[in-house]
Amino acid sequence: ERLWENSAEVGAYLIGKLREIRSPFIGEIRGCGLLMGIEMVADANKTPLPEARMVQLQREMREAGVLVGRNNDSVPGYCNVLILSPPLILSREQADTIAQTIGMALGKL
């Protein structure tokens, strides 16, 4: 099935789609293949997004059908990175759904 190739191709596509999202709450998007992190910030100084808003963001995405994790074992107060780790069989259409859902949830913050 050449899943490593799909991971590289669709992962790069998804990162590109995520980088198209224009939101002041996105500090940085990083990743390799289909494992990626989205740093969520409150301002241009990259102050971590407050816990309550992180929880709200995760809930909005979960209710829309997109599951994301977080870096909860980080330095206290810096649990502001959303972790995406979709299956290696992810399609471009599913990647579009993920990016659209994240954009929608950010629009509600």
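At 40% relative accessibility, Lys46 is partly exposed (buried is under 20% relative accessible area, exposed is over 50%, and partly exposed lies in between, with a 1.4 Å probe and protein chains only). Lys46 sits in the loop between strand S2 (35–40) and H2. Its phi is positive, near 65 degrees, though Lys46 is a residue other than glycine.

Arg2 is not a glycine either, and has a positive phi of about 55 degrees. Arg2 belongs to the segment before H1. With a relative accessible area of 46%, Arg2 is partly exposed.

## Basis of the model

This is a predicted model, in which local features need pLDDT of at least 70, side-chain atom pairs count only at pLDDT 80 or more, and totals for chains, interfaces and linings use all residues. Residues are numbered from 1 along each chain as its sequence is written, and side-chain values use heavy atoms, with hydrogens and water left out.

## Overall fold

The protein chain has three helices and four strands. Their order along the sequence is α-β-β-α-β-β-α. The radius of gyration is 14 Å, close to the 13 Å from the globule rule for 109 residues, so the chain is as compact as a globular protein of that length. Helices (H or I, at least four residues) and strands (E, at least two) are DSSP runs, numbered from the N terminus. The radius of gyration is taken over C-alpha atoms, and the globule rule is 2.2 Å times the number of residues to the power 0.38.

The C-alpha atoms fill a box of roughly 40 × 25 × 25 Å along the principal axes. Among contacts between residues at least 6 apart in sequence, 57% join residues at least 24 apart.

## Surface and charge

Of the 109 residues in the protein chain, 42% are buried. The accessible surface comes to about 6,300 Å², and carbon and sulfur atoms hold 53% of that surface. These areas come from the Shrake-Rupley method with a 1.4 Å probe; for residues, only the protein chains shown count as cover.

The chain carries 12 positive and 13 negative charges, and their mean positions are 4 Å apart. Lys and Arg count as positive, Asp and Glu as negative; His and the chain ends are not counted. Each charge is placed at NZ of Lys, CZ of Arg, CG of Asp or CD of Glu.

## Cysteines

Cys32 is exposed, at 67% relative accessible area. Cys79 is buried, at 17%. The disulfide count is zero, where a disulfide is a pair of cysteine sulfur atoms within 2.5 Å.

## Ser7 in helix H1

Ser7 lies in helix H1 (residues 3–19). Ser7 is buried, with a relative accessible area of 11%. Leaving aside neighbours within four places in sequence, Ser7 contacts Ala12, Gly33, Leu34 and Leu88.

## Two valines between H2 and S3

Val66 and Val68 both belong to the loop between H2 and S3. Val66 is buried, at 6% relative accessible area. Beyond four places in sequence, Val66 is in contact with Met61, Thr97, Ile98 and Thr101.

Not counting residues up to four places away, Val68 touches Gln58, Met61, Leu82, Ile83 and Leu84. Val68 and Val81 are 13 residues apart along the chain, and their C-alpha atoms are separated by 10.0 Å.

Methods: Contact = heavy atoms within 4.5 Å.
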